[in-house]
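Hello,

Here is the structure I promised to pass on. My notes follow it.

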Amino acid sequence: MINAAILTAAGAATAAVSGLAIAGTEAQAGDERLEERESKTRGKAVDFYTAVPTGYGDGKGLPVCLVLHGESRRPRHYRSLGFGRALTRAVQKGAPPFVLAGADGSRLGWRPHSGDDPQRMVYEEVPDWCAERGFDIARLAVWGWSAGGAGALRLAQTFRGFVKATAAFSPAVAPGDDVFERVGRLRAQPIGLWCGLDDRLLEDVQALQLKLPMPPIAGHYSDGGHDMDYWKSVMPEAFRFVGEMLTRPSQLPSKSPSR
């Protein structure tokens with residue numbers, strides 16, 4: 001049974017699918033780049049992707065949504081997957097503008113391993129690379145799917161107050177893992193949570209939702225599996241959520257410090 005906190009209107013899901021279809025045929029990506037950066041925390045060169053919605057030039061002054069990939073798709077695939085076009089279309093449909101920025105975390109699940117720390121890269125290095133481009137790194141959100149969805153939640157737990165919102169698609173979580181064990185650290189963190197009804201992780205995602213200290217403020221469960229077709233279908237709704245969270249006024253009292 002889906003908790004009432006999750007949006008379940010079929011119309012919302014249908015609108016999301018049609019919105020992305022339009023994005024694939026009409027919307028044009030803005031300034032979309034794939035660069036190579038040297039990562040000290042990973043000890044290697046990594047691909048670094050950025051996308052700015054059409055009409056916003058090089059994106060200077062825009063807030064940033066950090067992108068955490070799953071195991072099969074990496075930053076080099078984002079252009080062909082239509083992320084830049086989907087971002088433009090979401091903005092055209094009313095989402096506040098922001099930049100997508102994501103680096104390659106390999107298949108480590110956004111966890112440290114033998115001196116290779118992709119999570120630390122996201123926390124320490126990716127914001128610096130964004131600042132070099134003139135993006136507003138005082139306003140950050142994080143979005144991820146599958147292992148990246150779990151990584152997005154873990155990032156928000158580890159560095160409290162670092163991001164203004166977390167959007168997770170089909171996060172690869174399970175009762176008893178570190179995300180569940182530290183779920184209390186997501187208190188006051190705006191979360192959007194999406195998962196397909198045919199996803200093998202559905203029960204675990206639902207279990208996580210029920211343990212959250214604050215119900216998700218966006219998201220839904222709808223037809224689809226654990227695949228990019230489903231994640232693309234909910235991308236427009238997630239991008240609106242991210243944009244709105246990045247542009248809302250600061251809340252009082254201030255957020256908990258990272259510790």
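Start with Thr-50. Setting aside neighbours within four places in sequence, Thr-50 is in contact (heavy atoms within 4.5 Å) with Asp-31, Glu-32, Arg-33, Leu-100, Ala-101, Arg-133 and Phe-135. Thr-50 counts as buried because its relative accessible area is 0%. Buried means under 20%, exposed over 50%, partly exposed in between (1.4 Å probe, protein chains only).

On sources: this is a predicted model, where local features need pLDDT of at least 70, side-chain atom pairs count only at pLDDT 80 or more, and totals for chains, interfaces and linings use all residues. Residues are numbered from 1 along each chain as its sequence is written, and side-chain values use heavy atoms, with hydrogens and water left out.

Next, the cores. A nonpolar core is a set of buried Ala, Val, Leu, Ile, Met, Phe, Trp, Tyr and Cys residues joined through side-chain atoms within 4.5 Å. The largest has 42 residues, and Val-64 and Val-126 have the most contacts inside it. A second, separate core of 33 residues includes Cys-65, Leu-81, Trp-231 and Val-242.

Cysteines: Cys-130 is buried, at 0% relative accessibility. Cys-195 is also buried, at 0%. The disulfide count is zero (cysteine sulfur atoms within 2.5 Å).

Last, Ala-188 is exposed, at 52% relative accessible area. The C-alpha atoms of Ala-188 and Lys-164 are 9.8 Å apart.

Best wishes
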